[in-house]
Amino acid sequence: MLKKSILIGLAFGLATIVTGAFAQDPIKIVYIGKNTGNPYFDSITGGFEDACQVKGCDFLFVAPPTAEATSQIPFIEAQIQRGVNVIGIAPNSPDALNQVLDEARAKGILVLTVNGDLVGNESHRDATILPVDFTKTGPNQVELMGSMINYEGDIAILSATTEAPDQNTWIAAMKDTLANNPKYANMHLVATVYGDDQPEKSTTEMEALLANYPDLVGVIAPTTVGIAAAAQVVQSRMIADKVHVTGLGLPSEMRDFVKDGTVSAFQLWSPYNEGWLAVHFALGVLDGSIKNEVGGTFEVPNLGTITINDLNAMNTQAELTTFDINNIDDFNF
Amino acid sequence: MNTISKIFLRREAGIFVMIVLFCLAVGAFKPQFLTLQSLRIVLLLVPLILIGAMGQMLVLVARHVDLSIGSTLGFSAMVVGMMFKYYPEIWWPLGFLVAIGVGAGLGLFNGFLITLFRLPAIIVTLGTLNLYRGLTYIISNAKQIDRQYVPSELKAMSQTSPIFGIPWIIFMIIAIALLTYWFAMHTRVGRQIFALGSNPVAAQLRGINVSKITLLVFALSGALAGLAGIMYASRWGFVNPSNTGSGFEFQVIAAVVIGGVSINGGVGTVLGTVLGVLLLGCVSSALPLLGIPGTTQNAIYGAVIIIALLIDRGVRQRAIKTISAKA
């Protein structure tokens, strides 16, 4: 597996070197994903690749076969040995990687968490790039759900795994929004269930929701596997007029459901821009044109002015993007 | 021996009773579990496992085991998915031939390693479980085949049909179970598989070509895993290099063993296997309905498998005792 990822990566790397052959000693950037075969990371990687093509750096994507807490460690070690300048990583664990990331930073490697952070262990990386201020996810999702059901009725949440930190943050924020904003006083959250990001399990959980709560009018699934599974159940039961599904999804996976009316709208951000920003930030820090200090700002083509927030966190966009029948074809990830 | 004892001696009766008791118990708490809608959910949950279980049953009867089926499923599904993506003009039902053919090829490769080099199946297929999964990543460049590339006619097979709206996939598994029954019980080759599994030495002495039978059961297991692969694309609408088929072998082997197929070879029935698959399907769909949290579902699922085996053993021993007491 390791060898294979490296081989594929080498192919990418070679392609980049060939296109940037005039550069003397290109900066080597690696991005370590959560796991292979995850279409979400294809899009982030696309941003890295395009930015490196423009700026002339050498980019490599690697990822372990499964998203386990410790599975990224050997990949980080291999990249340290390869002598990369920048490690971008979507950490599979908020604390299992501390030691190996410290080792990388001791060698002078710039360590960025991209698309997920080491919550509570921020001192073990240099900066983090997140698509959006994640505190907005919960309220944005509740508002979208409300607009689909006239702000009244029973709703449920279909999540990924019980221990996923980002999911739990979003769910807590959804509950908080529903409880404290009078606008949503007539929306009742009746259940939160977990489909483990597997289509089979997400489907049985969705079916159980429909059987247990006959008055259900909406389901929020803030996970790409969950929203597709929920949409498929609603589509095959032909109840899209009664049960409204929304959440966080990939346009490539949701396009058919939007076009046939199963799902009227869902949200996400641009994973592509995360890669794009990461490369511009990393190269800026390495050549001294960007200072990695809280409160600092810099310009990135296509994204405008980026501010370095508390804990050296940067966002590519202010609010979530909402996808519906009018714009779904504008996105190719 | 009276008829009642005869029925209870049959392993299938024990599993059938367990299914009924389990469903009634769940229905006592959640009446909606005993509805047609719920039956539909269970039946749509089990087809892939049932297809895989028919092949695994034959492999176990022949005293082997095939751990590679999850990756065989994944690889076949990926080949078909890529065909749909890159050659969309191809007549889509050809996908069935391709999936079954690719699966049979991978199964034959297992069989060759086992017969040619006299290697234990458990080790060979553990190796190919990883090998075939790795090849799936390589051919797909670790990229998923998205929903838009899977033909809508194929997806519709898992959703409906002109016959009372019962999805085609349900008729398909009934046909496969009947065909397997006929093959296992009423063909010469089918009976040879049982003879080989009961006593390989005697089977060889009686002139059964052991290598040929071994190759055949692995090819069949692979072909059925391949069929499960294209049906995965039909049922879920996508093919993912890491998720598709992952853990499939464990679900299938659990169902087959609950269904009374002996891991020591020679013993197993289609009816028992079908009931084993149905029991697991009922459990998987009941746990979320009962509101049992995901964190405890795995433990309960595992416990149910073990309890089912223990009850089954108890029921049969009691039946045997009753009969010997009368004799």
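Two residues count as in contact here if their C-beta atoms, placed from the backbone, lie within 7 Å. Keep in mind that this is a predicted model, where local features need pLDDT of at least 70, side-chain atom pairs count only at pLDDT 80 or more, and totals for chains, interfaces and linings use all residues. Residues are numbered from 1 along each chain as its sequence is written, and chains are lettered from A in the order in which they are written.

Select A:V279 to start. Leaving aside neighbours within four places in sequence, A:V279 is in contact with A:I29, A:F48, A:A51, A:C52, A:K55 and A:C57.

Next, colour chain A by domain: domain 1 is 2-125 + 270-317 and domain 2 is 135-268, with bounds from an automatic or database domain assignment. Their C-alpha centres sit 31 Å apart, and the contact between them takes five residues from each domain.

Now bring in chain B. The contact between the chains takes 27 residues from chain A and 27 from chain B. On the chain A side, show α7 (199-212): α7(A) gives the most, with seven residues. Helices here are DSSP runs (H or I, at least four residues), numbered from the N terminus.

Last stop: the largest nonpolar core, with 184 residues. Such a core is a set of buried Ala, Val, Leu, Ile, Met, Phe, Trp, Tyr and Cys residues joined through C-beta atoms within 7 Å, buried meaning 20 or more other C-beta atoms within 10 Å of a residue's own. A:V279 turns up again among the residues with the most contacts inside the core, as does B:L279. Select α12 (residues 210-236) of chain B, which gives the most to this core, with 16 residues. Both domains of chain A give residues to the core, so it lies between them.

Conventions. Helices (H or I, at least four residues) and strands (E, at least two) are DSSP runs, numbered from the N terminus. A residue is buried if 20 or more other C-beta atoms lie within 10 Å of its own, exposed if 12 or fewer, and partly exposed in between; C-beta atoms are placed from the backbone.
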